[in-house]
Amino acid sequence: MNNFGYFMPTKIFYGKNVIKEKGSLFTQFGKKAFIVTGRSSSKKNGSLEDIINALKEQDIDYSIFDEVEENPSMEMVEKAANIGKSEKADFIIGIGGGSPLDSAKGIGVLINNPEAKKEDLYSDKKLESIPVIAVPTTAGTGSEVTPYAIFTDNREKTKKNFSHRVFPKIAFLDTKYLMDTPDKVTINTAVDALSHLIEGYLSTKANILSDTLAEKGLSMFKECKGALAEKNFSYEVREKLLLLSTLGGMVIAQSGTSLPHGMGYPLTYFHHIPHGKANGLLLKAYLEFCEDKGKVNTILSLLDMKDLDELGVYLREILGEEIFISEEEINAYTDSTINNKSKLKNHPYEVNREDILNIYKKSLMYK
Ligand code: NAP
Ligand code: FE
């Protein structure tokens, strides 16, 4: 067995009304909180109200930035950070899907380093953040337990992982915030979590600890398979989806993601395909390409699927309509992926341009 390390410093608290129960934990981070969230969902699902009540109870002042967009841009992160600086925020609470949670990490880095500009989100120097607390309200990204954040870089016309490492100090998981998530968001985010479990399991950096988590996550996904196909989401199903998504985050915090994530970014940037769906469209062809057939077969058996065709048909059915892309675009996205060295490095075997092109061609309808 190769040498490995395991580092997951985020404290996780799970359960009904967990924020109300554990509200006193906020006091260790300071007297002024900066809440970072999307435009509407956290107001409707009760998560924002629970946070505000917990802060008031602890006599902690707060201000709110509620303009986080999907696939957050560096410009938006910088704008929010400037507000956070003028508000003299001691810590950040990100509430929502991966977009607000990732934004909270970028904003935290820029607040903690007042001279830093949006370009420094990708600087070589590792910068620290003020403390970040995460309240996920989608079951997909696992951002509440990863050090990563992905921002849209409009100069390079793609999404890129920022170069810093910000593990949230605490993740509060409460299934009740997910109960009214629209079907499409539920499905796309669940497939993002599935991609994390699969890509992490097959990564160069996978180890026995991350594999143990991935295997549990994959067998929990199997239990949600029918509900995702029927769009029938009980509390118990959403609870499993939330926990398997956090397991997926714990896996990629060790192993990183690889080709489907790297290849999906241009599909999201240029065709507005939601992140999880973009990964999901590429998964079957990626698994066909993977040389570790033993691990691929374990994935299929944990998902209770007889072969990759069954997985492909299932994913097409739940993800919905086909995407049409020109051959010229596929070629451009192949070039962009082949330059994403960090994703290629996580695939355990050599990958060349032809391999990427084939995965795209097998996965997408093209004209
Ligand atoms: P998202 O972009 O955060 O949110 C998608 C939509 O879902 C938004 O319209 C949001 O509305 C809505 N929403 C969120 N929670 C809801 C709820 N409980 N009920 C109803 N609607 C809800 O989606 P996401 O898929 O969770 O995050 C995707 C982002 O995370 C991408 O940028 C991706 O690259 C990144 N990501 C990060 C990691 C990581 O490790 N850091 C891993 C994978 C992906 P509002 O805007 O009103 O809130
Ligand atoms: Fe993802």
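Predicted model: local features only at pLDDT ≥ 70, side-chain atom pairs only at ≥ 80, totals over all residues.
Leaving aside neighbours within four places in sequence, Asp-211 is in contact with Tyr-201, Ala-206 and Lys-295, where contact means heavy atoms within 4.5 Å. Residues are numbered from 1 along each chain as its sequence is written, chains are lettered from A and ligands numbered from 1 in the order in which they are written, and side-chain values use heavy atoms, with hydrogens and water left out.

Asp-211 belongs to helix α7; helices (H or I, at least four residues) and strands (E, at least two) are DSSP runs, numbered from the N terminus. With a relative accessible area of 13%, Asp-211 is buried. Here buried means under 20% relative accessible area, exposed means over 50%, and partly exposed lies in between, using a 1.4 Å probe and protein chains only.

Helix α7 (residues 208-230) packs against helix α11 (residues 293-302) at an angle of about 40°, and their axes are 8 Å apart. The axes are lines fitted to C-alpha atoms, for helices over the stretch in contact, and angles run from 0 to 180 degrees between N-to-C directions. This angle makes α7 oblique to α11; angles under 35 degrees count as roughly parallel, over 145 as roughly antiparallel, 65 to 115 as roughly perpendicular and the rest as oblique. On the α7 side the contact is made by Asp-211, Glu-215, Leu-218, Ser-219 and Lys-222, and on the α11 side by Lys-295, Ile-299 and Leu-302. These residues divide into three nonpolar, one polar and four charged. In this division Ala, Val, Leu, Ile, Met, Phe, Trp, Tyr, Cys and Pro count as nonpolar, Asp, Glu, Lys and Arg as charged, and the others, Gly among them, as polar.

A charge sits over a ring if NZ of Lys or CZ of Arg is within 6 Å of the ring centre and within 35 degrees of the ring normal. Lys-16 lies over the face of Tyr-235, at 4.8 Å from the ring centre.

A search of the whole structure finds nine aromatic pairs. Rings of Phe, Tyr and Trp (its six-membered ring) pair if their centres lie within 6.5 Å, and planes under 30 degrees apart count as stacked, over 60 as edge-to-face and the rest as tilted. One of the pairs is formed by Phe-151 and Phe-162, which are edge-to-face at 5.7 Å centre to centre, with 85° between the planes. This pair links distant parts of the chain, eleven residues apart: Phe-151 is in strand β6 (residues 150-153), and Phe-162 is in the loop between β7 (158-161) and β8 (170-173). Phe-151 is buried at a relative accessible area of 0%, and Phe-162 is buried at 2%.

Phe-270 and Tyr-333 form a stacked pair, with 5.6 Å centre to centre and 10° between the planes. The two residues are 63 residues apart, with Phe-270 in helix α9 (residues 259-271) and Tyr-333 in helix α13 (residues 327-338). Phe-270 is partly exposed at 39% relative accessibility, whereas Tyr-333 is buried at 4%.

An aromatic cluster is formed by Phe-13, Phe-26, Phe-29, Phe-91 and Phe-172. Ile-133, in strand β5 (residues 132-136), is buried at 0% relative accessibility. Not counting residues up to four places away in sequence, Ile-133 touches Phe-26, Phe-29, Phe-91, Ile-92, Ile-93, Gly-94, Ile-170 and Phe-172. The C-alpha atoms of Ile-133 and Thr-27 are separated by 12 Å, while the two residues are 106 residues apart along the chain.

Two loop residues call for a look at the backbone. Most residues other than glycine have a negative phi. His-272, however, has a positive phi, near 55°; His-272 lies in the loop between α9 and α10 (275-289) and is exposed at 66% relative accessibility. Asp-304 also has a positive phi near 55°. Asp-304 is in the loop between α11 and α12, exposed with a relative accessible area of 52%.
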